[in-house]
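Student: I've got a model open on my screen and I'd like to walk through it with you. Can we take it residue by residue?

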Amino acid sequence: MEEKNVLAELVAELQQGNGAAFEKIYNLTSGKAFATALSIVKNRDDAEDLLQDAYVTVLDKIDTLEKPEAFQGWFNIIVANKAKSFLQKSQPVLFKNDEEEAAVFDSIKDDKEEYK
């Protein structure tokens, strides 16, 4: 079965209260999510902290995700937003201009799916 379909099934199970599905979701998504966070914040410890925070948000908000098959894109946005917020709080003048900032965030893959 395709990984995306497996992930959608696991998300649906998590939404139905199967806590064991979370570990499988983590195993399928954490590598890519960590790479995304690290590419933005450039620090392993900060990326790990952001990833942990992103998964807490997933557990808190999983019931708001209407389409389990959109999980990956939804989660990518959570990770990117956590990283961007972290940078804005910790390093207010990270980018020289709006174009440089846009280049960083445009480099993050977007699955172009509906995120809700």
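Student: Is threonine 29 buried or exposed?

Tutor: This is a predicted model, where local features need pLDDT of at least 70, side-chain atom pairs count only at pLDDT 80 or more, and totals for chains, interfaces and linings use all residues. Residues are numbered from 1 along each chain as its sequence is written, and side-chain values use heavy atoms, with hydrogens and water left out. Threonine 29 is found in helix H2 (helices are DSSP runs of H or I, at least four residues, numbered from the N terminus). Buried means under 20% relative accessible area, exposed over 50%, and partly exposed in between, with a 1.4 Å probe and protein chains only; at 0%, threonine 29 therefore counts as buried.

Student: Which backbone oxygen does the side chain of threonine 29 reach?

Tutor: Contact here means heavy atoms within 4.5 Å, and leaving aside neighbours within four places in sequence, threonine 29 is in contact with Leu7, Tyr55, Phe71, Gln72 and Phe75. Its side chain also reaches a backbone oxygen at 2.8 Å, and that oxygen belongs to isoleucine 25.

Student: Which residue forms a salt bridge with aspartate 53?

Tutor: The structure holds 1 salt bridge, meaning a side-chain nitrogen of Lys or Arg within 4 Å of a carboxyl oxygen of Asp or Glu. Aspartate 53 sits in helix H3 and its partner in helix H4, 29 residues apart. At 33% relative accessibility, aspartate 53 counts as partly exposed. The closest N and O atoms are 3.4 Å apart, and the partner is lysine 82.

Student: Last one: what does isoleucine 62 contact, leaving aside its neighbours within four places in sequence?

Tutor: Of the 28 residues in the largest nonpolar core, Ile62, Phe71 and Phe75 touch the most other members. Such a core is a set of buried Ala, Val, Leu, Ile, Met, Phe, Trp, Tyr and Cys residues joined through side-chain atoms within 4.5 Å. With those neighbours left out, isoleucine 62 is in contact with Val11, Leu14, Gln15, Phe71 and Trp74.

Definitions and conventions. Helices (H or I, at least four residues) and strands (E, at least two) are DSSP runs, numbered from the N terminus. A polar contact is a pair of N or O atoms within 3.5 Å; within protein, one must be able to donate a hydrogen and the other to accept it, and residues adjacent in sequence count only if both atoms are side-chain atoms.
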